[in-house]
Amino acid sequence: MALRVLNHLELESRLSRSGIGTATDHQRAALDRTDVEVTTSPWRGGDPAAGLRSLAAGKRLFREYDLAHCNLVGPGSLAVARHAVRNHIPLVLHAHVTREDFAESFRGSTTVAPALGRYLKRFYSQADLVLCPSEYTKRVLESYPVTPPIRPVTNGVDVDALAGFEDRREAYRDRYDLSGTVVFLVGNVFERKGLSTFCRVAEATPYDFVWFGPYDTGPHASKAVRRWTENPPENVTFTGWVDDIRGAYGAGDIYLFPTKNENQGIAVLEAMACGKAVVLRDIPVFEEFYTHGHDCLKCETDAEFREAVERLAGDDDLRARLGENAEATAAEHSLDRVGETLAETYREVRDAKRAGRPVEVEDKR
């Protein structure tokens with residue numbers, strides 16, 4: 001009999017543009033390649049209201065499944081987790097959110113981060129197994145401490161979804177008035193992602209810089225986001241939401257990602273899968289995935305970022321070599337691998353639960 005798994009993302013429609021949404025999409029696409037039977041809603045009838053109507057009629061609130069896998073940490077996910085614990089259903093919680101990567105995301109997030117950390121410690125500690133995108137994130141969670149076994153599993157990269165990015169190059173360069181060597185970044189515009197560094201490097205160089213991704217100009221926007229998006233340097237374009245992310249990877253030449261904290265960084269893998277030369281901030285999480293001078297360049301200061309951009313813009317051979325090696329690195333994070341790993345992990349958790357023993361903690365990446 002196929003293993004029936006709940007793969008749940010609370011607030012899914014609102015998170016479709018987020019890294020968590022993309023990671024969850026990757027999980028489901030990967031699981032489609034296995035014999036695991038996936039449902040995405042825990043509620044009978046498909047949504048909380050329908051579930052409550054079912055409960056009022058004397059039926060169950062929750063659907064039946066053999067294992068629950070939650071990708072967020074809100075009240076709906078907490079309800080699923082508590083139901084699983086009460087009913088001895090194997091529970092996997094995915095740590096896409098940490099207090100460290102929550103800071104500098106929007107106005108007030110840094111102030112809230114310590115309280116969030118205390119909640120996350122309790123939330124993740126309910127699980128039979130905690131999954132996370134990297135060994136770095138595992139160390140962060142262990143420092144809280146989160147008590148169940150923790151296992152890193154790559155978020156993966158959907159290479160098939162990027163097919164045809166080259167064909168969109170001219171259309172997207174025309175749409176955003178880009179020419180020459182284009183330095184770019186893909187994702188939500190946050191200060192944590194290195195917004196100020198991105199703009200300061202742009203000010204110090206003659207190239208077109210473009211940030212493909214949505215940004216908030218309302219009350220939740222940080223001062224840095226409002227400052228740079230309202231008065232950007234002359235050579236910087238903030239596109240807002242783009243309808244086809246392939247156009248972003250087609251238009252750009254050098255992927256500049258001076259992020260301050262990541263749990264993995266899916267957009268980096270996407271840029272690498274497209275054979276782009278990548279420049280990263282030298283932070284711990286990237287040590288385990290990428291090698292300076294082989295598949296990327298790593299920097300620490302604004303001056304180093306500027307020098308790396310200038311070097312790549314002036315050296316076609318270096319840009320091509322880094323891009324070729326980056327493409328090989330991205331291939332190590334295929335959805336086939338993600339699907340195999342998740343299916344194996346689910347069965348391990350189920351079998352351990354039945355046997356009344358903890359899950360082994362070896363790294364399954």
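Two strands count as paired if DSSP finds at least two bridges between them. Strands themselves are DSSP runs of E, at least two residues long, while helices are runs of H or I of at least four, and both are numbered from the N terminus.

With that in hand, let's look at the model. It is a predicted one, where local features need pLDDT of at least 70 and side-chain atom pairs count only at pLDDT 80 or more, though totals for chains, interfaces and linings use all residues. Residues are numbered from 1 along each chain as its sequence is written, and side-chain values use heavy atoms, leaving out hydrogens and water.

The protein has 15 helices and twelve strands. Six strands form an open sheet with parallel pairing, in the order β2-β1-β3-β4-β5-β6. β2 (37–39) and β6 (150–152) sit at the edges with a single partner strand each, so one side of each has no neighbour in the sheet. From one strand to the next, the twist averages 25°.

Now zoom in on β1 (residues 4–8), which pairs with β2 in the parallel sense over three bridges. Here Val 5 stands opposite Val 38 in β2. Helix α1 (residues 19–31) lies across β1, β2, β3 (67–70) and β4 (91–94), running at about 160° to β1 (angles run from 0 to 180 degrees between N-to-C directions, with axes fitted to C-alpha atoms, for helices over the stretch in contact; contact means heavy atoms within 4.5 Å).

Finally, step back to the whole protein. Its C-alpha atoms fill a box of roughly 65 × 40 × 40 Å along the principal axes. Buried residues, meaning those under 20% relative accessible area with a 1.4 Å probe and protein chains only, make up 57% of the 365 residues.

Definitions and conventions: Buried means under 20% relative accessible area, exposed over 50%, partly exposed in between (1.4 Å probe, protein chains only).
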